[in-house]
Amino acid sequence: DPIRTMGGITKHTYAAWLTKHRKPVVDVCRNLTKDERKQILYEGYWEGPAEDHQWPMNAAIFDMAVGSGRSAARRLLENANTYEEYQSERRVFYNTMKTSRAYANAWLRRVDDLDKYIKE
């Protein structure tokens, strides 16, 4: 059973956020609003790991948190002091993922895309 997702927000993340905000749990695909999505991304992935860092490091940390969770994003900071080092750690992480190669390659493309965006 594939996990229902809308705009990068899974049904589990949406349900937890709704519960935290004392709202009834409803289907993510039918009910997630743009404002809720923004708030979930801010509360769940920006606050904490990314907000304490400067650009472009905060963008890389945020992207990592969205893709692999806040704990993974924080863990990579143990070996990285610069944006370039952090991006290198992300590449190692995704290259050693125990998942399908296609999934890992998609995340590696995101790392490359962020590098391209930062350089522009």
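The model is predicted, so local features need pLDDT of at least 70 and side-chain atom pairs count only at pLDDT 80 or more, while totals for chains, interfaces and linings use all residues. Residues are numbered from 1 along each chain as its sequence is written, and side-chain values use heavy atoms, with hydrogens and water left out.

Two packed helices are described by the angle between their axes and the distance between the axes. Here helices and strands are DSSP runs numbered from the N terminus (H or I with at least four residues for helices, E with at least two for strands), and axes are lines fitted to C-alpha atoms, for helices over the stretch in contact, with angles running from 0 to 180 degrees between N-to-C directions.

Helix α4, residues 57-68, packs against helix α6, residues 83-95, at an angle of about 20 degrees, and their axes are 9 Å apart. The two helices α4 and α6 are therefore roughly parallel to each other (angles under 35 degrees count as roughly parallel, over 145 as roughly antiparallel, 65 to 115 as roughly perpendicular and the rest as oblique). In this contact, which means heavy atoms within 4.5 Å, α4 takes part through Met 57, Ala 60, Ile 61, Asp 63, Met 64 and Ser 68, and α6 through Tyr 83, Tyr 86, Gln 87, Arg 90, Phe 93 and Tyr 94.

The helices α1 and α3 pack at an angle of about 90 degrees, with their axes 11 Å apart, and are therefore roughly perpendicular to each other. Thr 13, Tyr 14, Trp 17, Leu 18 and Lys 20 of α1 meet Glu 36, Gln 39, Ile 40, Glu 43 and Tyr 45 of α3.

Neighbours within four places in sequence aside, Met 64 is in contact with Gly 69, Ala 72, Ala 73, Leu 76, Tyr 86, Arg 90, Phe 93 and Tyr 94.

His 53 lies in the loop between α3 and α4, and its relative accessibility of 28% makes His 53 count as partly exposed (buried means under 20% relative accessible area, exposed over 50%, and partly exposed in between, with a 1.4 Å probe and protein chains only). Apart from neighbours within four places in sequence, His 53 is in contact with Asn 58, Ile 61 and Leu 77.
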